[in-house]
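Please look over the sequence and the structure below. The briefing that follows is grouped by topic.

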Amino acid sequence: MEELIKAAQAARGMAYAPYSRFQVGAAVLGESGRIYSGCNIENASYGLSNCAERTAIFKAISEGEKKLIALAVVADTPRPTAPCGACRQVMIEFGINQVILCNSKGEQHVVAMNELLPLSFNKNDLTGAGIF
Ligand code: THU
């Protein structure tokens, strides 16, 4: 867990956030045991900005990981940072179970994915095996 947080902190230093000035770092642990990190990457066309969590997840999947285990996210906020809704949906897709919310003071809060996104839409809904 400490290694994952360190990787997220290091990635935060690479954030490209000239518009919001809100720098975020994330890191994911793949089932292979490898760690992938990412930062937020903004764009002059604001809506094209990508969050740190999705950068890290997409790096992991594009490097061959099939399933992810845990994710850490770090920002310089008074309280540990919570991931946005779009990132929560992407986390569900790849099986992330444990999410470690952190701030740059080193405060941490560990949450389960089903606390972050209960009753999610996921691949089961497409096959009629949804929960309702
Ligand atoms: N951001 C993230 O990278 N992760 C989050 O969970 C929340 C928001 C980024 C998006 C944008 O570049 C900046 O933070 C301000 O919203």
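**Cysteine 84 and the model**

Cysteine 84 touches Cys51, Glu53 and Arg54, leaving out residues up to four places away in sequence; contact means heavy atoms within 4.5 Å. This is a predicted model, in which local features need pLDDT of at least 70 and side-chain atom pairs count only at pLDDT 80 or more, while totals for chains, interfaces and linings use all residues. Residues are numbered from 1 along each chain as its sequence is written, and side-chain values use heavy atoms, with hydrogens and water left out.

**Cysteines**

- Cysteine 84 lies in the loop between β3 and α3 (85–93); helices (H or I, at least four residues) and strands (E, at least two) are DSSP runs, numbered from the N terminus.
- At 31% relative accessibility, cysteine 84 is partly exposed; buried means under 20% relative accessible area, exposed over 50%, and partly exposed in between (1.4 Å probe, protein chains only).
- Between the C-alpha atoms of cysteine 84 and lysine 6 there are 21 Å in space, and the two residues are 78 apart in sequence.
- How many disulfides does the structure hold? There are zero, where a disulfide is a pair of cysteine sulfur atoms within 2.5 Å.
- For cysteine 51 the closest cysteine sulfur is that of cysteine 87, and the 3.8 Å between them is too far for a bond.
- Cysteine 102 is in no disulfide either, and the nearest cysteine sulfur, in cysteine 87, is 15 Å away.
- Cysteine 51 is partly exposed, with a relative accessible area of 22%, whereas cysteine 102 is buried at 1%.

**Buried charges**

- Glutamate 53 lies in helix α2 (residues 52–62), and arginine 88 is found in helix α3.
- Glutamate 53 is buried yet has no salt bridge; a salt bridge is a side-chain nitrogen of Lys or Arg within 4 Å of a carboxyl oxygen of Asp or Glu.
- Which side chain of opposite charge is nearest to glutamate 53? That side chain is arginine 54, 6.5 Å away; Lys and Arg count as positive and Asp and Glu as negative, while His and the chain ends are not counted.
- Arginine 88 is also buried without a salt bridge, and its nearest side chain of opposite charge, glutamate 53, is 7.6 Å away.
- Beyond its neighbours within four places in sequence, glutamate 53 is in contact with Val24, Ala26, Leu71, Val73, Pro83, Cys84, Cys87 and Met91.
- With residues up to four places away not counted, arginine 88 touches Ala82, Pro83, Met113, Leu116 and Leu117.

**Strands**

- Strands β1 (residues 24–30) and β2 (residues 35–39) run antiparallel and are joined by five bridges; two strands pair if DSSP finds at least two bridges between them.
- Alanine 70 is found in strand β3 (residues 68–75) and is buried, at 5% relative accessible area.
- Contacts of alanine 70, apart from residues up to four places away in sequence, are Leu4, Ala27, Val28, Leu29, Ile96 and Gln98.
- Alanine 70 and leucine 48 are 22 residues apart along the chain, and their C-alpha atoms are separated by 25 Å.

**Aromatic pair**

- The structure holds one aromatic pair; rings of Phe, Tyr and Trp (its six-membered ring) pair if their centres lie within 6.5 Å, and planes under 30 degrees apart count as stacked, over 60 as edge-to-face and the rest as tilted.
- The ring centres of tyrosine 19 and tyrosine 46 are 5.5 Å apart and the planes are at 45°, so this pair is tilted.
- Tyrosine 19 lies in the loop between α1 (2–12) and β1 and tyrosine 46 in the loop between β2 and α2, so the pair ties together parts 27 residues apart in sequence.
- Tyrosine 19 is partly exposed at 38% relative accessibility, and tyrosine 46 is exposed at 59%.

- Most residues other than glycine have a negative phi.
- Arginine 21, in the loop between α1 and β1, is not a glycine but has a positive phi of about 60°.
- Leucine 119, in the loop between α4 (113–116) and α5 (123–126), is not a glycine but has a positive phi of about 55°.
- Arginine 21 is exposed at 67% relative accessibility, and leucine 119 is exposed at 61%.
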